[in-house]
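This briefing covers the nonpolar surface, the nonpolar cores and the salt bridges of the structure shown below.

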Amino acid sequence: MKFIVTAGPTREFLDPFRFISNPSSGKMGFALARAARERGGEVALISGPVVLDPPPGVELVPVTSARRMRDEVFRRLPGAGAVIMAAAVSDYRPARYSRKKLKKGPGRLSLDLVRTPDILGELGRKKGEVVLVGFSAETENIVDNAAEKLKSKNLDLIVGNDISAPGSGFAAETNRAVVIDRTGVVEEWPLLTKNELAERIIDRVLTIRAGRGRS
Ligand code: C5P
């Protein structure tokens with residue numbers, strides 16, 4: 001089965017030297033790519049800038065902006081069995097890009113931001129038989145927010161995590177996740193390493209996919 005996994009942050013440049021981004025390490029997405037490969041999958045790992053080595057046997061597709069990530073995902077969508085969006089995609093980008101370095105002045109500087117493409121939302125509208133998995137990084141109301149995202153983006157599975165909890169979130173080695181599927185079943189998983197969490201998520205994806213094959 002073909003997997004598309006996204007990882008890491010995106011960078012949205014305002015001039016050649018400055019960008020908007022976030023502290024995503026890419027660890028969760030890389031762990032998912034490894035787990036999918038170990039289950040025999042053919043894996044394209046579309047990643048923003050990170051310092052990790054790609055897992056063996058995985059095709060690494062480096063990207064920078066949300067727009068490029070979107071294009072690389074959709075280019076590979078035909079024939080894919082699952083798309084797992086673990087990337088921390090920037091929701092906004094600067095409205096204008098300056099080819100020259102912006103000069104500082106004496107006063108304030110305002111930045112005008114516009115939305116980046118909602119990759120997961122677009123996938124949800126066009127997904128067909130693909131198993132679609134999203135992540136939901138929250139600081140409050142994890143279950144409600146994740147359930148709402150699952151529904152509004154037409155996902156098969158959502159992995160919610162409390163990025164403010166100890167041992168969870170961006171650069172941590174571990175994650176405590178709440179996993180919700182389309183039938184509304186809510187599972188609170190214990191604190192797991194990102195590798196263990198990735199293996200459990202891939203198992204769930206394969207189960208959903210197998211069920212779809214039978215129906
Ligand atoms: O709505 P929120 O940004 O919290 O949703 C997070 C999920 O949506 C993640 O799976 C992330 O990869 C995905 N996402 C996306 N496109 C965006 C922003 C987030 O696909 N522009």
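L111 counts as partly exposed, because its relative accessibility is 45%. The residue is found in the loop between β7 (92-94) and β8 (113-115). The model discussed here is predicted.

**Nonpolar surface**
- Together with Y92 and L113, L111 makes a nonpolar surface patch of about 270 Å².

**Nonpolar cores**
- The largest nonpolar core comprises 31 residues, and those with the most contacts inside it are F3, L32, I84, V133, F135, I201 and V205.
- Elements giving two or more residues to this core include β1 (2-7), β9 (131-138) and α5 (194-214).
- The most is given by α1, with seven residues.
- Apart from this core lies another of 26 residues, among them I46, L77, I119 and V130.
- Leaving aside residues up to four places away in sequence, F135 touches M28, L32, I84, M85, A86, I158, V159, N161 and I201.

**Salt bridges**
- The whole structure contains 17 salt bridges.
- In one of them, E173 pairs with K27, with the closest N and O atoms 2.9 Å apart. This pair links the loop between β10 and β11 (174-175) to helix α1, across 146 residues.
- E173 counts as exposed because its relative accessibility is 53%, whereas K27, at 22%, is partly exposed.
- K127 and D156 form a salt bridge at 2.8 Å, N to O, and both residues are buried.
- E59 and R76 meet in a salt bridge at 3.4 Å, N to O; E59 lies in strand β5 (residues 59-62) and R76 in helix α2 (residues 66-76).
- Salt bridges with shared partners join E59, R68, E72, R75 and R76 into one network.

Technical notes:
Residues numbered from 1 in each chain as written. Predicted model: local features only at pLDDT ≥ 70, side-chain atom pairs only at ≥ 80, totals over all residues. Heavy atoms only, no water. Patch = residues over 30% accessible without salt bridge, like charges linked within 9 Å, V, L, I, M, F, W, Y side chains within 5 Å. Areas by Shrake-Rupley, 256 points an atom, 1.4 Å probe, with all protein chains shown as cover. Salt bridge = Lys/Arg side-chain N within 4 Å of Asp/Glu carboxyl O. Helix = DSSP H or I, 4+ residues; strand = E, 2+ residues; numbered from the N terminus. Buried < 20%, exposed > 50% of the residue type's maximum accessible area, 1.4 Å probe, protein only. Core = buried A, V, L, I, M, F, W, Y, C linked by side-chain atoms within 4.5 Å. Contact = heavy atoms within 4.5 Å.
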